[in-house]
Amino acid sequence: QVQLVESGGGLVQAGGSLRLSCAASGNIFSINSMGWYRQAPGKQRELVASITLGGSTNYADSVKGRFTASRDNAKNTAYLQMNSLKPEDTAVYYCNAEVTPWLAGRRDYWGQGTQVTVSS
């Protein structure tokens, strides 16, 4: 079993910052890409940022220049630093990881989600 646990969400005023963390644990041989998705009420889940094992990042246009994805491979943990937050960033943020467990095939795992609310 593989578990992803997110933390760091909360309520912040527009212009503020939050840092999300996603810690992976369990039967892990390797983790390829890790990503952050978000889903606002009534909207589809969308990719916010992703980071490969080597540290290459990809961002949604709406967050470029404001959000920074990073990871600590030794800790199997990914981070999302969110600056200059806007009310439209309000959503449940989910962590995703492409994990190869020991003696099993690679697959995607998801965290439980953490709420981010940005007030105007």
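Author: A strand here is a DSSP run of E with at least two residues, numbered from the N terminus. The model is predicted.

Reader: Where is Leu103 found?

Author: Leu103 is in the loop between β9 (91-100) and β10 (107-110).

Reader: Why is Leu103 called exposed?

Author: Its relative accessible area is 90%. Exposed means over 50%. Leu103 therefore counts as exposed.

Reader: What is the phi of Leu103?

Author: Positive, about 60°. Leu103 is not a glycine.

Reader: Which other residue has a positive phi although it is not a glycine?

Author: Asn76, at about 50°. Asn76 is placed in the loop between β7 (67-72) and β8 (77-82).

Reader: Why is Asn76 called partly exposed?

Author: Asn76 has a relative accessible area of 24%. Buried needs under 20%, and exposed needs over 50%. The value of 24% falls in between, so Asn76 is partly exposed.

Reader: What makes Asn96 count as buried?

Author: Its relative accessibility is 7%. The cut-off for buried is under 20%. So Asn96 is buried. Asn96 sits in strand β9.

Reader: Which residues does Asn96 touch, not counting those up to four places away in sequence?

Author: Leu4, Ser33, Met34, Gly35, Tyr37, Asp108, Tyr109 and Trp110. Contact here means heavy atoms within 4.5 Å.

Reader: How far is the backbone oxygen of Tyr109 from a polar atom of the side chain of Asn96?

Author: The distance is 3.5 Å. A polar contact has a limit of within 3.5 Å.

Reader: How many helices and strands are there in the protein chain?

Author: The protein chain has 0 helices and 11 strands. Along the sequence, the pattern reads β-β-β-β-β-β-β-β-β-β-β.

Reader: Why is the protein chain called as compact as a globular protein of that length?

Author: The radius of gyration is 14 Å. The globule rule gives 14 Å for 120 residues. The two values are close, so the protein chain is as compact as a globular protein of that length. The C-alpha atoms fill a box of roughly 50 × 25 × 20 Å along the principal axes.

Reader: What share of the 120 residues counts as buried?

Author: 41% of them. As for the surface, the protein chain exposes about 6,300 Å². Carbon and sulfur atoms supply 48% of that area.

Reader: What share of contacts between residues at least 6 apart in sequence joins residues at least 24 apart?

Author: 54% of those contacts do.

Reader: How far apart are the mean positions of the positive and negative charges?

Author: They are 2 Å apart, for 11 positive and 8 negative charges.

Notes:
Residues are numbered from 1 along each chain as its sequence is written. This is a predicted model: local features need pLDDT of at least 70, side-chain atom pairs count only at pLDDT 80 or more; totals for chains, interfaces and linings use all residues. Side-chain values use heavy atoms; hydrogens and water are left out. Helices (H or I, at least four residues) and strands (E, at least two) are DSSP runs, numbered from the N terminus. Buried means under 20% relative accessible area, exposed over 50%, partly exposed in between (1.4 Å probe, protein chains only). The radius of gyration is taken over C-alpha atoms; the globule rule is 2.2 Å times the number of residues to the power 0.38. Accessible areas come from the Shrake-Rupley method with a 1.4 Å probe; for residues, only the protein chains shown count as cover. Lys and Arg count as positive and Asp and Glu as negative; His and the chain ends are not counted. The place of a charge is taken as NZ of Lys, CZ of Arg, CG of Asp or CD of Glu. A polar contact is a pair of N or O atoms within 3.5 Å; within protein, one must be able to donate a hydrogen and the other to accept it, and residues adjacent in sequence count only if both atoms are side-chain atoms.
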